[in-house]
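Subject: Structure handover and notes

Dear colleague,

I am passing the structure on to you with this message, and my notes on it follow below. Please read them with the coordinates open beside you.

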Amino acid sequence: MAKLELKYGNHACAEAAVLAGCRFYAGYPITPSSEIAEKMAELLPKVGGAFIQMEDEIAAMGAIVGASFAGAKAMTATSGPGFSLKQENLGYAFMTEAPCVVVDVQRGGPSTGLPTQIGQQEIMQSLWGTHGDKLIPVFYPGNVQEIMVETIRAFNWAERLRTPVVLLLDEVLGHMRETVDMEQFTPDRIEVWNRKKPEVPPEEYLPYKPGEDDVPAIADYGTPGYRGHATGLHHDYTGFPTTDPEMCQELIERLIRKVKRAQPELEKNEEYMLDDAEVAIVAFGTTARAARTAVQLAREKGIKAGLLRVVTIWPSPEETLNRLAKHVKAILVPELNMGQYVLEVERCAKGEAPVYRLNRANGKIIYPGEILEKVEEIVKGGK
Amino acid sequence: MSTNIPMEKIIEKKPYFKYLRLDKFPTIWCPGCGIGQAFRATCMALDELGISNDQVAMVSGIGCSSRTPGYFDGFTLHTTHGRALTFATGLKLYKPELTTIVFTGDGDALAIGGNHFIHAARRNIDVTVVLINNWIYGMTGGQVSPTTPEGAYATTTPYGNYEPQFDIAKMAIAAGATYVARGTAYHAMELKKLIMDGIKHKGFSLIEVLSPCTIIYGRKNRMSFEEMYFWFKENTLPVKAWEKLPEEKRAGKIPRGVLYHDDSRPEYTEVYWSKVKQLSGGEK
């Protein structure tokens, strides 16, 4: 039986984190993500977890990585400017393979931008924000129920791949109240994964020696006998710095490869009326909600439109997007930025179908009617 | 380090060798550098306190002193520039049972990491900070730091430094640190005692270690490494003796020893986890 509850987006994220096993949260106040910290401050002490409000965004990111090394499932949440500040330590988490979840509730940017209004301008930053090459999973849910699903999934993949995972929300999702079926989130219903532990005796333990899945089994700090070293420098299997060119190249290739090879399992999209579609809309987050309505409106007018809602935005659903381009006459990418994910869609389409844009960066959502108008324009253009 | 003497024999004579990752030696430190003295003092202190390798986490940021954890056989984290205390705070809060030591320098802790330093002190979290104050950015080649003496030369002060120095100890006390001490690389055994008391202390401890950057600061300011060590001998004195000096004779003299010690303030993680115990029944 369904157990329906009206839930606030940011609170749903916090509650799901606790269900996924999160026992450490460090944060810093920033609109529109602060309610996640407030909820965690309330929930964590009751389940024996640690909450700390740090002195700044950088410190919050550092603290969750420190706690992650101590064995905690750890999370922080932020928004635009705070996400920028976290980037260096996010890169450190990637390099040292510290599992953690970083939530970015997107607002209008750049700079202080539009703190209380929606944006989708961190699509590229979520992957490329920190310096150096990297590949990290980035999930972007589309409703409050899905915020819970994706928060749990973010923790699970962070643990399995020993990587930071970014969970993108946006101001509308974070501040939206929606019905959630809590029956789906009882302990017996949800799947919770934990990081692997070393299986070798202490004297053979090499913290950064990867397993067959390219993921190393690093012992939680404090595990007797399993002492180790972690550094943001290029390092060998012992975790100690190296400049050996072969080892450095292999390290970066492995860090990317471990996420890439999980891509088929990581990929998550929702297809809506795509079977016979001639115009496909590719969208995510709040914009995908408007796109869904636009598809219905187009269908009422006899236009064969469909929607591919991308949930795992990185690594991108490369083959799915390529197949889609072969299958339709045109693709439209509406997004609340000046054209970010459209670049990836164009890359994956490989010229199989023309890719159109609908962009906005003024803090307002894109309405279904506007998407419909653009779809009609594309169809009338005879393309 | 290649040696034919079996490790057990060395440890018998020098028990603090058990904390060293000798396979990672030699260290990156320059000849005459004082970081090794502070590192040795820390290992000796841990040994005397009977704290095992498995009970210690050592965290650092970026810089010469921040390379220390690599040579320490414990749970070690070499993190980002200035941020060691943030990682250490997360680690210590989640696993308070680990003795947590931060190795840092004047640039790392006071310039880029200044904010974290004052807030860790304010929280009075049980972390022992060994701050190597060598008056310069050594690893990047000798730029001016917040503790470079006025008039001194650095690669970014070719006409002499015209900024005033930070008084690290005063700042730490003002921010809320509950154990603040100053030692030097010259006074090795005294330093061991200061670090030992810092580790024993429940709360935020700072041990400032005046340490010569022989190759870079020394070269820039025409001081040999002997001169630098003797400078510490001649210009520092025990805090009790310093206090007895009349005001006019204090100029240029630096007090050593325990500058501040307060056991009355509660420690951060103890306060937090006792609150959690009330709310949750103590389960993690």
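Predicted model: local features only at pLDDT ≥ 70, side-chain atom pairs only at ≥ 80, totals over all residues.

Chain B as a whole

Chain B contains eleven helices and ten strands, and its C-alpha trace spans about 60 × 50 × 35 Å along the principal axes. Because a compact globule of 284 residues would have a radius of gyration near 19 Å, the 19 Å found for chain B agrees with that expectation. If one takes the contacts in chain B between residues at least 6 apart in sequence, 66% of them join residues at least 24 apart.

Two places inside chain B

The residue B:S65 sits in the loop between β1 (56–60) and β2 (75–78) of chain B, and it counts as buried because it has 32 C-beta neighbours inside 10 Å, where 20 or more are required. Leaving aside residues up to four places away in sequence, B:S65 touches B:I35, B:F103, B:T104, B:G105 and B:I132. Between B:S65 and B:E208 there are 143 residues of separation in sequence, yet their C-alpha atoms are 12 Å apart in space.

Helix α7 (residues 188–200) of chain B has 13 residues and reaches 18 Å from its first C-alpha to its last, which is close to the 18 Å expected at 1.5 Å a residue. The buried residues in α7(B) are B:L191, B:K192, B:L194, B:I195, B:M196, B:G198 and B:I199, and what covers them includes the helix α2 (35–49) and the strands β3 (99–105), β4 (127–133), β7 (179–184), β8 (205–210) and β10 (254–261) of chain B.

Where the two chains meet

The contact takes 37 residues from chain B and 38 residues from chain A. On the side of chain B that touches chain A, β2, α3 (84–94), α5 (114–123) and α11 (268–280) of chain B each supply at least two residues, and the largest share, eight residues, comes from α3(B). By residue type, that side of chain B divides into 13 nonpolar, 15 polar and nine charged residues. There is also strand pairing between the chains, since strand β10 (residues 228–231) of chain A and β2(B) pair in the parallel sense over four bridges, with B:T76 in β2(B) as the bridge partner of A:H229.

Chain A

In chain A, five strands form an open sheet of mixed pairing, in the order β11-β13-β12-β15-β16. Its edge strands, β11 (269–272) and β16 (355–359) of chain A, each pair on one side only, and the twist averages 20° from one strand to the next. Within this sheet, strand β12 (residues 279–283) and strand β15 (residues 330–335) of chain A pair in the parallel sense over three bridges, and the bridge partner of A:V279 in β15(A) is A:A330. Helix α13 (residues 368–380) of chain A lies across β12, β13 (305–310), β15 and β16 of chain A, and runs at about 155° to β15(A).

Elsewhere in chain A, strands β5 (residues 100–108) and β6 (residues 114–118) run antiparallel and are joined by two bridges, with A:G108 standing opposite A:L114 in β6(A). These two strands form a hairpin with five residues between them, and A:S111 in the turn has a positive phi of about 55°.

With best regards

Technical notes: Residues numbered from 1 in each chain as written. Chains lettered and ligands numbered in written order. Buried ≥ 20, exposed ≤ 12 C-beta atoms within 10 Å, placed from the backbone. Contact = placed C-beta atoms within 7 Å. Nonpolar A, V, L, I, M, F, W, Y, C, P; charged D, E, K, R; others polar. Expected span 1.5 Å × (residues − 1). Rg over C-alpha atoms; globule rule 2.2 N^0.38 Å. Axes fitted to C-alpha atoms, helices over the stretch in contact; angles between N-to-C directions.
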